[in-house]
Amino acid sequence: MKASAFSYTRASSVTDALDLLALHGDQAKVLSGGQSLMPALNLRLSAPALLVDIGAISELRGISESNGVLKIGALTRHVDILRSPDIAKHAPLLTEAIAYVAHPAIRNKGTIGGSLAHADPASELPACTIGLDAIIVVRGRNGERRIQAADFFTGIYETVLSPEELLVAVEMPVAKSNSAHFFHEYARRKGDYAIVGLAASGILEGDVFADLRLGFFAVGDRPLLAAASKHLTGKPVTASMLADAQAALDAELDPQEDQQASAGMRRYLARQLMARCVATLLGRPELDARPRA
Ligand SMILES: Cc1cc2nc3c(=O)[nH]c(=O)nc-3n(C[C@H](O)[C@H](O)[C@H](O)COP(=O)(O)OP(=O)(O)OC[C@H]3O[C@@H](n4cnc5c(N)ncnc54)[C@H](O)[C@@H]3O)c2cc1C
């Protein structure tokens, strides 16, 4: 199929883009790397009258660190994140996760802003932002909004962004010396969207989690910051604490059944991922009691 006819314009600045979006409202769509939008247009899942290409706005591109905060511009491509020494140092969870996003050709064009705005519940980066307690920075003609990542995603392909706003950056605290991270996803083939995944970060004080943020993906209509982690913090984790956490997680999940997996399989894999994450971060393999071949 081919896309419906649309007009195209290239914004020269953030102000220019916001003026265009304000003028055209929900008739316009922002174009970043095009890796999700172009397929959607070609399949006629979306038929905007106007594409506002923000690809030439250099102020939206780049990675910087200042006063303990890592800032990633919305137009920063997946490949730039993968190769960045600053990301590897300050947010190694992202370096690890991004290698699971699609394939090199897509990572060469796709952007972090596009991935977050697209809000696919099976996508890696939205879950990373909630695992890393990131702030998503959004700009409209009336100013800027700073939104906790856990509040940004509202449903399948839905966020709190209005059609007249641009996602301009993502900010997150830099990893501390006692930070630890875990990333894993189950997928049928490398580069496929996940069947279930987990992007987690924690603060370790000795053998105790002072904090643990578990960002699950592909387990519902949006990435999930699992409240079940409260069962795992503040004292050394026991097998019974882990079992309580897994039961609490199960109650939080609302997985879909699709051609990839049943809801029950997703629940099972999410519980297993939790155990694997805790065992890995604490260096206690006995907590990961997966059946082994
Ligand atoms: C074959 C294939 C496999 C893929 N596999 C994966 C995968 O495993 N994991 C994964 O996470 N993704 C995957 N993707 C999607 C890919 O990562 C996209 O690059 C990403 O989702 C969107 O980034 P983009 O810059 O291309 O955004 P675009 O496609 O340009 O835009 C996506 C959406 O976000 C909006 N948007 C873009 N930028 C902004 C902004 N700054 N402010 C407001 N709205 C904005 C657009 O209007 C559009 O609705 C895959 C894509 C393909 C084609």
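Let's start with contacts. Take the contacts in the protein chain with a separation of 6 or more: 60% of them join residues 24 or more positions apart. Keep in mind that this is a predicted model.

Now the secondary structure. The protein chain has 11 helices and 14 strands. How compact is the chain? Its radius of gyration is 19 Å, close to the 19 Å that the globule rule gives for 293 residues, so the chain is as compact as a globular protein of that length. As for dimensions, the C-alpha atoms fill a box of roughly 60 × 45 × 30 Å along the principal axes.

Next, burial and surface. Of the 293 residues, 49% are buried. The chain exposes about 13,500 Å². Carbon and sulfur atoms supply 50% of that area.

Please find H10, residues 239-252, and H11, residues 263-282. How do these two helices pack? The angle is about 145 degrees, and the axes lie 10 Å apart. The crossing of H10 past H11 is right-handed.

Which residues make the contact? From H10, they are Leu 242, Ala 245, Gln 246, Leu 249 and Asp 250. From H11, they are Arg 267, Ala 270, Arg 271, Gln 272, Met 274, Ala 275 and Val 278.

Terms used
Residues are numbered from 1 along each chain as its sequence is written. This is a predicted model: local features need pLDDT of at least 70, side-chain atom pairs count only at pLDDT 80 or more; totals for chains, interfaces and linings use all residues. Side-chain values use heavy atoms; hydrogens and water are left out. Axes are lines fitted to C-alpha atoms, for helices over the stretch in contact, and angles run from 0 to 180 degrees between N-to-C directions. Helices (H or I, at least four residues) and strands (E, at least two) are DSSP runs, numbered from the N terminus. A crossing is left-handed if the near helix is turned anticlockwise from the far one by less than a right angle, and right-handed if clockwise. Contact means heavy atoms within 4.5 Å. The radius of gyration is taken over C-alpha atoms; the globule rule is 2.2 Å times the number of residues to the power 0.38. Buried means under 20% relative accessible area, exposed over 50%, partly exposed in between (1.4 Å probe, protein chains only). Accessible areas come from the Shrake-Rupley method with a 1.4 Å probe; for residues, only the protein chains shown count as cover.
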